[in-house]
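This report covers a pocket and the aromatic rings of one structure. The sequence and model come next.

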Amino acid sequence: MDRFHELNAFIAVADAGGFSAAARRCGETQPTISKAVAALEKRLGVALFHRSTRSVTLTDQGQRYYDRAKPLLEEMDEAETELTNSSAAISGTVRISVAATFGRLHVLPLIPKLLSLYPELHIDLILSDFVRDMVEDRVDLAIRVGRVDELDAVAKLVVETPLVCVGSRRYFEQHGTPKIPADLLKTPLIFTLPRKSRRRRAGRRAYRRISGPVAAGEAPAWWG
């Protein structure tokens, strides 16, 4: 039998002064309460109650056990209540790391509504294309674009977004239009770190290490 149920039954009988009254208080049957107390006495190897047809009272050992056990039970109830209340009233600071462009376009517009629902919440938003160490930078939630490499991370796919290689008309007229990933090795590029091109072709991914005269850490720098 569950030890917590045994303890609850014992405290209820001691407080109510009888098994029937304890059963009504707990919303259980009298045989269930009696069985729980009997199991507790058997496990402890002592009699916790003096039983008579008129009353049920604690033995000396039962009183000592009651004096030690009831504060523990009350503290457990308080802990559960505190945890439940803290879950219901969401508050505190949440640190979120997200890629710069994705964050500006898709995350920032949602924050006002989030704060209106949970006014006690504070958002610390990190907009950066560099991958943050969640432990070292104390990040609670990271929204990544691409593969998640942390082995111990709890990851969930939020949305799929395509990545494309783009250039101006003048650029293509001057350098030609790439047809395959290997063509990227022959043209000057603006790229973000790490310097790797990934492209899906014929149902498989192709990887190419690339180089170029300009490396931009933040996506908006590409557009200036």
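## Basis

Helices (H or I, at least four residues) and strands (E, at least two) are DSSP runs, numbered from the N terminus. The model is predicted, so local features need pLDDT of at least 70 and side-chain atom pairs count only at pLDDT 80 or more, while totals for chains, interfaces and linings use all residues. Residues are numbered from 1 along each chain as its sequence is written, and side-chain values use heavy atoms, with hydrogens and water left out.

## The second largest pocket

A pocket is an open set of points on a 1 Å grid over the protein atoms alone, where a 1.4 Å probe fits, with protein on both sides within 12 Å along at least five of seven lines; its lining residues have an atom within 4 Å of a point.

Helix H5 (100–107) and helix H6 (111–117) each supply at least two residues of the lining of the second largest pocket. H6 gives the most, with four residues. The lining includes Phe102, His106, Lys113 and Val158.

## Aromatic pairs

Rings of Phe, Tyr and Trp (its six-membered ring) pair if their centres lie within 6.5 Å; planes under 30 degrees apart count as stacked, over 60 as edge-to-face and the rest as tilted. The whole structure holds five aromatic pairs. One of them, phenylalanine 10 with tyrosine 65, is tilted, at 5.3 Å centre to centre and 55 degrees between the planes. This pair links helix H1 (residues 3–16) to helix H4 (residues 60–88), its members being 55 residues apart.

Phe10 and Tyr65 also belong to one aromatic cluster with Phe19, Phe49 and Tyr66.
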